[in-house]
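Thank you all for making the time this morning.

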Amino acid sequence: MGSGIFITFEGIDGSGKSSQARLLAEQLKADGKQLVLTREPGGSEGAEEIRRLLVEGAPDRWSAETEILLFTAARRDHLEKTIEPALRAGKIVVSDRFADSTRVYQGVARADLRGVVDALHEQMIGREPDLTFIIDMEPKTALARGLARGSGEDRFEELGLEFQIALRRGFLALATDFPARCHLINGARDMDEIAAEIRQITSDALTT
Ligand code: TMP
């Protein structure tokens, strides 16, 4: 693997992580960095096709086990086609979600399958980000925000508030599982204030 840096954003639905990923990418580009902004599920042609299967339709459309396989298939394609080539070229990759989402959504909140998620990750993905921002948000506010978007990609939001509460707990635990790379960010603040904190942590990481 080359010398690029892999940064991910994680959090519950409606936490504001996508906006923060975009703001960081814009800032780094303005600073003259070579950068790829991407997302999961998706981020490559094949993975974007798999995305539609996952985020649209009835909440009970897939079991947690099938979801793990589909998210991992999408991730493998994303890794091969987008992430690894960019990192090899020395670029910064900023991804809106990555493997931590599967650990928490399918491994903890949907079902108790963290062992399966970790085993498949090790075999098929085998890469962790260098830096992860977990945007922490009160689930009720975040859920209202997510559903208000009416994006037609609400399959997970439709699982309700209890699900979002379990997700938040899962993400908080994740931050303690991977303390070296995970930064817990208070998302209940002004967007610019959050962006400034993320920018600071990133520039510290880039200079060390
Ligand atoms: P997004 O809304 O951040 O684009 O993500 C789409 C949905 O997919 C979101 O509800 C979270 C969910 N998801 C998982 O359940 N597991 C995963 O591994 C990923 C990447 C996303």
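Predicted model: local features only at pLDDT ≥ 70, side-chain atom pairs only at ≥ 80, totals over all residues.

Let me begin with helix H4 (99-109), which is mostly covered, since 10 of its 11 residues are buried. Buried here means under 20% relative accessible area, while exposed means over 50% and partly exposed lies in between, with a 1.4 Å probe and only protein chains considered. The buried residues of H4 include Ala-99, Asp-100, Arg-103, Tyr-105 and Ala-109. What covers the buried residues of H4? Among the elements that do so are strand E1 (5-11), H3, helix H5 (114-124), strand E4 (131-136) and helix H7 (161-177), where contact means heavy atoms within 4.5 Å.

Residues are numbered from 1 along each chain as its sequence is written, and side-chain values use heavy atoms, with hydrogens and water left out.

Now to the chain as a whole. The protein chain holds 8 helices and 5 strands, and, read along the sequence, they follow the pattern β-α-β-α-α-β-α-α-β-α-α-β-α. For 208 residues, a compact globule would have a radius of gyration near 17 Å, and the 16 Å of this protein chain agrees with that; the radius is taken over C-alpha atoms, and the globule rule is 2.2 Å times the number of residues to the power 0.38. Along the principal axes, the C-alpha atoms fill a box of roughly 45 × 35 × 30 Å. Of the 208 residues, 50% are buried. If we take contacts between residues at least 6 apart in sequence, 77% of them join residues at least 24 apart.

Next, the largest pocket, which has about 580 Å³ of space. A pocket, on a 1 Å grid over the protein atoms alone, is an open set of points where a 1.4 Å probe fits, with protein on both sides within 12 Å along at least five of seven lines, and lining residues have an atom within 4 Å of a point. Its volume is the space filled by probe spheres set on the points, which are joined across faces, edges and corners. Which residues lie nearest the centre of the largest pocket? Of the 29 lining residues, they are Asp-13, Lys-17, Glu-40, Arg-51 and Arg-97. The elements that give two or more residues to this lining are helix H1 (17-30), H2, helix H3 (64-88) and H4. The largest share, 4 residues, comes from H4, the helix we started with.

Glu-40 is joined to Pro-41 by a cis peptide bond, with omega near -10°, and Pro-41 sits in the loop between strand E2 (35-39) and helix H2 (45-55). Arg-97, in turn, has a phi near 80°, a positive value in a residue other than glycine, and belongs to the loop between strand E3 (92-96) and H4. Arg-97 counts as buried because its relative accessibility is 10%. As background for both, most residues other than glycine have a negative phi, and most peptide bonds are trans.

Finally, a few other loops. Gly-90 lies in the loop between H3 and E3, and, at 37% relative accessibility, Gly-90 counts as partly exposed. Although Gly-90 and Gly-4 are 86 residues apart in sequence, their C-alpha atoms are 4.0 Å apart in space; leaving aside neighbours within four places, Gly-90 is in contact with Ser-3 and Gly-4. Arg-61, in the loop between H2 and H3, is also partly exposed, at 38%. Not counting residues up to four places away, Arg-61 touches Arg-52, Leu-53, Glu-56 and Arg-155.
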